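Here is a short tour of the charged side-chain pairs in a protein model. Have the sequence and the 3D view at hand as you read.

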Amino acid sequence: MFDPKIIKQDFPIFANHGEKPLVYLDNASTTQKPARVLAAINAYYSFFNANTHRGLYQIGEKATEEYELVREKIRKFLNVPDNHSVIFTRSTTESINLVSYAWARQKLKPGDEILITQMEHHSNLVPWQQAAKNTGAVLKFIPITDSGTLDLSNLNELLTRRTKIVAVTHQSNVFGTVNPIDKIITKAHSSGALILIDGAQSTPHFPVDLNFLNPDFFAFSGHKMVGPTGVGVLIGRTEILDSMEPFLSGGEMIETVTMEESTWNKTPWKFEAGTPNIAQVIGLGAALDYLDQIGLNVISAYEQKLNTYALDSLAKLPGMHIFGNPPHRGAVIPFLVGDIHSHDLAKFLDQDGICIRAGQHCTQPIMDFFGVSGLARISLYIYNTEEDIDRLCKSIENITHIFA
């Protein structure tokens, strides 16, 4: 039986806040880390701290074995197709930039088109702006609606024979909207375009089957799924990756080096220059084990139940304005309360030990669409409870009285 109060005991940070127990509601930004993940990182540094793919001594072989084992854990966790490769990066942002630099800048020509959405995090917007600027390609976007969903009514017109790549978020970090990725992938492939999926917000929250979806690229981050910061993953179709030049160059990503020229290692290692984030990757492996033990289906069901409770509770508060109402959503709720600025609300909530996100959420085009300078946002995860929501609502009521 899933019990969030028992789950919360696995996370040391929640035991260290005495009089005002921590209510952490900013999980779309980053998640807290269970003791088992911290222990895995500590074990690496304490018992087999060595570089990977280099040392022939025992601890070096142990470090390499543990590092490469995580690659296989990711394959199983996401059911990665056999014709895809798993590359370690620092973040979702770096993964998308890798494709933007190593694929787009090589392949795109003036007049080619890149299709993204108005819903994207800046990490899946700015790299494509830069790629378009550097190649002469045209950047187009799928618009959003007032409900926080994509307007796909003109998708057939937006996808043309000139569209070379489509980049879209699986789940919105602002509205929690779960986009119909399978349909978008099918449409993109039928038009001859590649597709990149930003899975930063989906991978931690519900089962993702890449063998079924079959995207060309898929990116996510460890720190949003109870893993460490500093580790991201890019999963790409191997034949496409093989055709790309490296994003970074240096040690380990080479096959031969002379004073005049170099040749590259095989995929995925040609994209992992230098000493990798070994401890972080091993910590990500422990995080995958932890989520696997709970079960992504269990996590998704619990989040849906808690999100419904949160939506109902917040809707009862005076002056509450919840933005977006997507039919398929994760546990993410953006809102404003009366005329209270989101930053003021967040600072006052912090006085009660409650952490929420406030501002533009790295999605300024969404703020412009709604004509606001920023939004407050709560995003829920496995250690959140109905009591957390009750404390949030009570604190918001008190803050509203203060501002009144």
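This is a predicted model: local features need pLDDT of at least 70, side-chain atom pairs count only at pLDDT 80 or more; totals for chains, interfaces and linings use all residues.

Residues are numbered from 1 along each chain as its sequence is written, and side-chain values use heavy atoms, with hydrogens and water left out.

The structure holds 13 salt bridges (a side-chain nitrogen of Lys or Arg within 4 Å of a carboxyl oxygen of Asp or Glu). Three of them, among the 13, are set out here.

| Pair | N to O distance |
|---|---|
| K5 and E387 | 3.5 Å |
| E94 and R90 | 2.5 Å |
| E113 and R162 | 3.2 Å |

Let us start with K5 and E387, whose side chains meet in a salt bridge. K5 belongs to helix α1 (residues 4-8) and E387 to helix α14 (residues 386-403), so this pair ties together parts that are 382 residues apart in sequence. Helices (H or I, at least four residues) and strands (E, at least two) are DSSP runs, numbered from the N terminus. E387 is partly exposed, at 41% relative accessible area; buried means under 20%, exposed over 50%, and partly exposed in between (1.4 Å probe, protein chains only).

In the next pair, E94 is buried at 14%, whereas R90 is exposed at 54%.

E113 is in strand β3 (residues 113-117) and R162 in the loop between α6 (155-158) and β5 (163-169), so their bridge ties together parts 49 residues apart in sequence. E113 is buried, with a relative accessible area of 6%, while R162 is partly exposed at 35%.
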